[in-house]
Amino acid sequence: MLLQKGCIQVYTGNGKGKTTAAVGQGVRAAGRGLKVYMVQFLKGSDSGELHSLKKLEPDFKVFRFERPRGFFWTLTDEEKLELKKDIEKGFDFCKEVVKNKECDVLIIDEMMGVLGNKLLEVNEVVEFLKSKPENMEIILTGRNVPEEILEIADLVTEMKDIKHYFNNGVPARKGIEF
């Protein structure tokens, strides 16, 4: 099944739920016969959605190109350079997926983190988004969306942090946050 009209969606904001919303949208699409790919950037550790989504293959596939590392701000300059190469490899994969129309829905998780850390250039991502096929949906997640991406997105949803249990000392929990 092909989409008649594919859009560019962005899930952003300081609140919890950006990746979860993108995964939920992907699960809905796969349930209707659409082929979904999700490329995760800046996430190298194990996470619950990986185990669930593995059961949905080949309808919903997750791709990661990075080696497990700490948070970006804890990396040495050498590790940041290695990470940049891994990100570029993953982005090249995204370009090939779009060029070859390999899926109906492409989720690029943490693209804004990649851009915020200057691991890719905004204009390169904008050109990539403009090259998407008419019937392909692309979903981007992450905080601090550049204005250039806001302008070409068809839908932008902001997750707003009104109250969060982290502020009361509740740590990230297996099965809920990861």
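Visitor: What volume does the largest pocket have?

Guide: This is a predicted model, where local features need pLDDT of at least 70, side-chain atom pairs count only at pLDDT 80 or more, and totals for chains, interfaces and linings use all residues. Residues are numbered from 1 along each chain as its sequence is written, and side-chain values use heavy atoms, without hydrogens and water. A pocket is an open set of points on a 1 Å grid over the protein atoms alone, where a 1.4 Å probe fits, with protein on both sides within 12 Å along at least five of seven lines. Points join across faces, edges and corners, and probe spheres set on them fill the volume, here about 1500 Å³.

Visitor: Which residues that line the largest pocket are closest to its centre?

Guide: Lining residues have an atom within 4 Å of a point. There are 45 of them, and the closest to the centre are L42, K43, F71, E110 and E177.

Visitor: Which element gives the largest share of the lining of the largest pocket?

Guide: Helices are DSSP runs (H or I, at least four residues), as are strands (E, at least two), numbered from the N terminus. Elements giving two or more residues are α1 (18–31), α2 (48–54) and α4 (111–116). The largest share is five residues, from α1.

Visitor: Why is the pair of F65 and F93 tilted?

Guide: Rings of Phe, Tyr and Trp (its six-membered ring) pair if their centres lie within 6.5 Å; planes under 30 degrees apart are stacked, over 60 edge-to-face, the rest tilted. The F65 and F93 centres are 5.2 Å apart. Their planes stand at 45 degrees, so the pair is tilted.
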